[in-house]
Amino acid sequence: QVQLVESGGGLMQAGGSLKLSCVASGYTFRPYVMGWFRQAPGREREFVAHISEDDKITAYAASATGRFTISRENAKNAIYLQMNSLKPEDTAVYYCAAGRTLSSRPSEYNTWGQGTQVTVSS
């Protein structure tokens, strides 16, 4: 069973930066499509970014475009989310996820981490 563990969240002032990490452990027979999602209080889990298994295809939510960058290191079984120019609206629990198909839909991902909280103050 593959396990995903996120880290790097915390409290940041608006305009600041954070880098989230997600490390996979356990059996991995091939690189997975990986994604970042977030969930704010009272809202549905929403797509932030995803990256293909070969690191050649990325996509971002409109709210993340130009500010966030997703990357991966397959040899380390890790993905990252560099978040710049943070806004209070970015406050949420951020989750990494692994799947088999490039998608912005949470239902397409099979394995999820427990999340890391990001709080951005005004």
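A nonpolar core here means a set of buried Ala, Val, Leu, Ile, Met, Phe, Trp, Tyr and Cys residues joined through side-chain atoms within 4.5 Å, where buried is under 20% relative accessible area, exposed is over 50% and partly exposed is in between (1.4 Å probe, protein chains only). The model is predicted, so to speak about local features we need pLDDT of at least 70, side-chain atom pairs count only at pLDDT 80 or more, and totals for chains, interfaces and linings use all residues. Residues are numbered from 1 along each chain as its sequence is written, and side-chain values use heavy atoms, with hydrogens and water left out.

View 1. Helices (H or I, at least four residues) and strands (E, at least two) are DSSP runs, numbered from the N terminus. Along its principal axes, the C-alpha trace spans about 45 × 25 × 25 Å. Of the 122 residues, 41% count as buried.

**View 2. Here is the largest nonpolar core, 26 residues in total.** Trp36, Leu81, Met83 and Tyr94 have the most contacts inside it. Strands that give two or more residues to this core include S3 (18-25), S4 (33-39), S5 (46-51) and S9 (92-99). Another core, of six residues, lies apart from it, with Val33, Phe37, Ala61 and Ala97 among its members.

**View 3. Zooming in on S5, this strand is largely enclosed by the rest of the structure, because five of its six residues are buried.** Two strands count as paired if DSSP finds at least two bridges between them. S5 pairs with S4 in the antiparallel sense over five bridges. Look for tryptophan 36, whose bridge partner in S5 is alanine 49. Alanine 49 also stands opposite tyrosine 60 in S6. Three bridges join S5 to S6 (residues 58-60), and these two strands run antiparallel.

**View 4. Two hairpins share S5: S4 and S5 form one, and S5 and S6 form another.** Between S4 and S5 sit six residues, and glycine 42 in that turn has a positive phi of about 75°. Six residues also lie between S5 and S6, where aspartate 55 in the turn has a positive phi of about 70°.
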